[in-house]
Amino acid sequence: MDDPYKTLGVPKAASQDDIRRAYRKLAKKHHPDLNPGNAKAEEVFKGVTAANDLLSDPERRARFDRGEIAASGQEQAPRSSYRDYAEGEAGQRYSHGGGGAQGWDTDDFADIFGSAFGGGRGRASDRPRRGQDEHYALTTQFLGAINGATQRLTLPDGRTLNAKIPPATADGQVLRLRGQGSPGWNGGAAGDALIEIHVAPHPFFTRHGQDVRMELPITVSEAVLGGPVEAPTPSGVVKVRIPPGSDSGSELRLRGRGVPEHNGTPAGDLYAALRVVIGPPDDALKTFLEGWKPEHPVNPRQSMEPRP
Amino acid sequence: MITIEVLLARVPDLPLQDLERWISNDWVRPDGRAGDYAFGEIDVARVQLIQELRDRLEINETALPVVLLLLDQLYDLRRRLRNLREQAEATNS
């Protein structure tokens with residue numbers, strides 16, 4: 001994509017309102033359904049829409065301005081287009097005057113224009129045309145999105161597709177299944193199925209880029225004495241050594257246990273925030289604490305006290 | 001055949017009342033009757049177009065009938081032109 005500011009014709013300092021206005025003006029002029037048969041309008045429309053998608057989001061705009069992201073965004077799921085249907089027989093439904101108001105006879109045209117057009121011209125209607133891309137959404141489990149999974153998708157027309165979700169798939173990512181969209185015409189290739197993946201939340205893992213975070217509950221004695229505990233990770237249970245004297249809130253980093261390596265992006269880490277669980281009342285613990293004189297008494301709320 | 005539920009699932013952020021109003025305005029013309037509508041692919045595309053014209057391009061519902069009327073006439077003409085061309089080609093071949 002070119003410079004999105006140039007595409008919309010606004011200065012870099014333009015306000016969000018200016019950008020919205022510029023987009024609306026260009027989009028009205030170049031909307032493909034308002035310009036059927038004009039391939040250039042469609043190209044321009046795609047460009048201004050992509051530019052607007054980037055600049056209308058203040059956060060992404062700021063990141064673009066700082067050079068953190070390039071102008072070419074993720075693959076957008078293109079929407080099906082009204083003009084593809086309206087010119088065909090289906091378009092009769094919206095014929096001006098309501099429904100099949102024909103009032104003319106194709107044979108008349110044959111008579112009138114029978115010899116008006118020279119032969120030898122390419123027949124547009126016979127040209128192979130690629131089928132339409134179809135859009136679907138699929139919700140997948142958190143771990144399936146991290147580790148990869150195959151999921152069956154039933155389409156509105158009753159077909160089923162096996163969607164192979166690659167490891168490290170992020171929420172909102174679009175999968176393209178080649179040739180699984182609408183069939184082509186006159187021997188043209190079928191369109192693609194574009195599947196937008198939604199990742200369902202996990203009860204205790206959350207994803208942050210390549211890293212995964214979770215809270216790991218430990219007992220009082222594990223916190224004080226340390227020792228090995230079993231901890232879940234997205235790729236299975238591992239043994240983790242809790243350092244002696246660990247406190248609630250301290251974080252362990254399990255290197256490489258986050259989102260797996262993919263397309264050259266190295267594997268992320270798993271951060272486990274410890275949470276000490278006292279458990280049910282325990283007489284021995286109670287008796288011990290009543291007689292306990294700490295070696296180094298601490299006031300954990302010291303930093304919250306007002307300073308003179 | 002596409003039911004109203006499937007259509008709403010395929011057109012994110014479209015309130016049911018809006019769709020029902022568009023149908024009663026005759027902007028969208030599904031088969032069947034209220035409670036049992038059957039939409040075609042063209043209706044889904046048209047609903048997406050109306051939503052895009054209204055929400056993204058800010059053509060409000062007062063102006064929309066004029067836009068749709070002109071658009072329908074444009075596509076009428078293009079459809080006729082296409083039929084005409086096919087007719088002419090069939091005559092010549």
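Helices here are DSSP runs of H or I with at least four residues, strands are DSSP runs of E with at least two, and both are numbered from the N terminus.

**Figure 1. Welcome to chain A, with its nine helices and eleven strands.** This is a predicted model. Chain A has 308 residues, and buried residues make up 19% of them. Take the contacts in chain A between residues at least 6 apart in sequence: 52% of these join residues at least 24 apart.

**Figure 2. An open sheet of four strands in chain A.** Reading across the sheet, the strand order is 6-7-11-10, and the pairing is mixed. At the edges sit strand 6 (206-208) and strand 10 (251-254) of chain A, each of which pairs on one side only. From one strand to the next, the twist averages 35°.

**Figure 3. A closer look at strands 10 and 11 of chain A.** In which sense do strand 10 and strand 11 of chain A pair? They are antiparallel, and four bridges link strand 10 to strand 11, which spans residues 270-277. To find your way around, look for A:Arg253, which stands opposite A:Tyr271 in strand 11 of chain A.

**Figure 4. The largest nonpolar core, with 21 residues.** Which residues touch the most other members of this core? They are A:Ala86, B:Ala45 and B:Val47. Helix 5 (82-86) of chain A supplies at least two residues of the core, and so does each of helix 2 (16-24), helix 3 (41-56) and helix 4 (64-92) of chain B. Helix 3 of chain B gives the largest share, seven residues. Apart from this core lies another one, of 19 residues, including A:Ala145, A:Ile165, A:Val212 and A:Val259. In soluble globular proteins, nonpolar side chains tend to be buried together.

**Figure 5. The surroundings of B:Val47.** Leaving aside residues up to four places away in sequence, B:Val47 touches B:Leu7, B:Val11, B:Leu14, B:Leu19 and B:Val28. B:Val47 is also one of the residues that touch the most other members of the largest nonpolar core.

**Figure 6. Confidence along chain A.** The mean pLDDT of chain A is 84, and 87% of its residues reach 70 or more. Over residues 98-103 of chain A, the pLDDT is below 50, and this stretch has four contacts in the model beyond near neighbours in sequence. Residues 114-123 of chain A also have pLDDT below 50, with eight contacts beyond near neighbours in sequence.

Technical notes: Residues are numbered from 1 along each chain as its sequence is written. Chains are lettered from A and ligands numbered from 1 in the order in which they are written. This is a predicted model: local features need pLDDT of at least 70, side-chain atom pairs count only at pLDDT 80 or more; totals for chains, interfaces and linings use all residues. A nonpolar core is a set of buried Ala, Val, Leu, Ile, Met, Phe, Trp, Tyr and Cys residues joined through C-beta atoms within 7 Å. A residue is buried if 20 or more other C-beta atoms lie within 10 Å of its own, exposed if 12 or fewer, and partly exposed in between; C-beta atoms are placed from the backbone. Two residues are in contact if their C-beta atoms, placed from the backbone, lie within 7 Å. pLDDT is the predictor's confidence in each residue, from 0 to 100. Two strands pair if DSSP finds at least two bridges between them. Axes are lines fitted to C-alpha atoms, for helices over the stretch in contact, and angles run from 0 to 180 degrees between N-to-C directions.
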